Amino acid sequence: MSSVASVHSLWTVAAGAPGKIPAPHIEYTELSPTLIVLGAAVIGILIEALVPRRNRYYSQLLLSLVALAAAFAAVIGLAAGGFGSSKAHIAAMGAIAVDGPALFLQGTILLVSLIAVFTFAERRLDPAAHGNRVDSFAAQPAAVPGGPAEQAAVKAGFTTTEVFPILLFAVGGMLIFPAANDLLTLFIALEVFSLPLYILCALARRQRLLSQEAAVKYFLLGAFSSAFLLFGVALLYGYAGTVGYAGIAQVVADGAKQIDPALAGTMGNDALLLIGAALVLMGLLFKVGAVPFHMWTPDVYQGAPTPVTGFMAAATKVAAFGALLRLLYVVLPGMRWDWRPVMWGVAIITMLGGAIVAITQTDIKRLLAYSSIAHAGFILAGVIATSEDGVSSVLFYLGAYSFVTLGAFAVVTLVRDAGGEATALSKWAGLGRRSPLVAAVFAVFLLAFAGIPLTSGFAGKFAVFKAAAQSGAGWLVVVGVLSSAIAAFFYIRVIVLMFFNEPKADGPTVAVPSPLTTTAIAIGVTATLVLGLAPQYFLDLAGHAGVFVR
């Protein structure tokens, strides 16, 4: 009875003294990159509603490019102002961390998204339909595939320009995800970038049913992973009495000393901590595409429109690994001996599983999907290092990998036959004789994926393996090198197929892209070679950005 009375008195005191409720304090300058992108996404929705259809494409393209460039400039400004080092702090009332890793990852995501917009906007690869240029996206996504409504939309020359604001909403969520400093912000950011991706996956102009199947699979498995993550959040809150990263870390480190005596009966239970941490990790490993949470990856990569696949493969990995690093290094460093063996196992089966299954693939997009799974394992080797070198090596690897991935998928959009993109590997035979430049560019990306010296892939792998070896994970590095050797086999097999096989008479043609896709591919090649030939400046940059604010 007394407890009920005390609760009632607290409630009446709070209600009777409204002046005591603190007003929220939001640091708008530090949050400006995310606010710019989300503000532009809202304006993009208004353009869809108010601007005539014929003007929407150019309006949306200009808005997206300006917003992403402005947000990237804001990240550079914050880094130059010392917010990545001496002025690093927790903003937005404890919800968002503004520190080196957050700014580095946000800058990478924004650059990747800026290049992805070029591939989204490409309208010269498919032949014109009824005198109108068409892009990779369905003319009317809500219509039945192949039905009269869709045919009428194609005839009328409709284009799905709402993909641009949807992309911006996804980017906004991705910017918050690696910077989230409490578990609820993490979950909200996850949903903000996942829901737009589910929609984008369903919008392919060609192979509409495959595209919709990919979106449904991604949505259902994504909903499962979100549920695991949310259940883990609830258990960690039950353990620590807070969802803030610092609060949970403190209870993990100091145990019962930090617990309110009135709540000691329910809090501080190690079972809640272990199960909750495992469930949250499962949610993040799903987004990363690590085995055994990888089952969505090949189907979604194959079915989604190729520009969306490239964006998703590059940007989602950057955001998800950022969140995973922050969780393990800021929230659970006191549990290192509990999570390291588990992550060892996940990294080993991810490296080997991705590399071995990729050998059997006959579709170029599925092959790149299993390649991305293997790369997730390589990056996990750097995560397991639990050192500043580990963090900086992961940051560098993510930056290098994202540009190679975007460039590779941009090249895939160029190889076409009568049914659209020719993704069957058998159709790529002799491509080097039919179109030497495109085949040579794709070969550069494949060599980078394989980790051949003088490419960004070699510099990235060397950095993560060195960090892992220095932290005592020597056997993990041995498995990583073996997996790299297996992976090199199927990358080089594709190069041999392109350059040393005879082209088929009914083989695909290479479409001539507009300057948009050409720019995306050129940036990918340049980044791959620069980060391979002269990586030191960028390794130093990642090194300076490798310290989390706590």
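**Figure 1. Confidence along the predicted chain.** The mean pLDDT of the protein chain (pLDDT being the predictor's confidence in each residue, from 0 to 100) is 88, and 94% of its residues reach 70 or more. Over residues 1-14 the pLDDT is below 50, and beyond near neighbours in sequence this stretch has zero contacts in the model, a contact being heavy atoms within 4.5 Å. Because this is a predicted model, local features need pLDDT of at least 70 and side-chain atom pairs count only at pLDDT 80 or more, whereas totals for chains, interfaces and linings use all residues. Residues are numbered from 1 along each chain as its sequence is written, and side-chain values use heavy atoms, with hydrogens and water left out.

**Figure 2. The open sheet β4-β3-β5.** Three strands in this order form an open sheet with antiparallel pairing; helices (H or I, at least four residues) and strands (E, at least two) are DSSP runs, numbered from the N terminus, and two strands pair if DSSP finds at least two bridges between them. β4 (420-421) and β5 (509-510) stand at the edges, each with a single partner strand, so one side of each is left without a neighbour in the sheet. Strand β3 (residues 415-417) is joined to β4 by two bridges, and arginine 416 has glutamate 421 of β4 as its bridge partner.

Figure 3. The axes of helix α7 (residues 183-201) and helix α12 (residues 306-331) come within 12 Å and cross at roughly 170°, where axes are lines fitted to C-alpha atoms, for helices over the stretch in contact, and angles run from 0 to 180 degrees between N-to-C directions. This makes α7 roughly antiparallel to α12, a term for angles over 145 degrees. Residues making the contact include Leu186 and Phe193 of α7, and Phe311 and Met312 of α12. The axes of α12 and helix α15 (residues 388-412) come within 7 Å and also cross at roughly 170°, and these two helices are therefore roughly antiparallel to each other. Among the residues that meet are Gly310, Ala314 and Phe321 in α12, and Leu398, Tyr401 and Phe409 in α15.

**Figure 4. Helices α2 and α6.** The 14 residues of α6 (residues 163-176) include 13 that are buried, so this helix is largely enclosed by the rest of the structure; buried means under 20% relative accessible area (1.4 Å probe, protein chains only). In helix α2 (residues 32-50), the buried residues include Val37, Ala41, Gly44 and Ile47. The buried residues of α2 pack against α3 (53-80), α4 (100-120) and α6.

Terms used: Buried means under 20% relative accessible area, exposed over 50%, partly exposed in between (1.4 Å probe, protein chains only). Angles under 35 degrees count as roughly parallel, over 145 as roughly antiparallel, 65 to 115 as roughly perpendicular and the rest as oblique. The expected span of a helix is 1.5 Å times one less than its number of residues.
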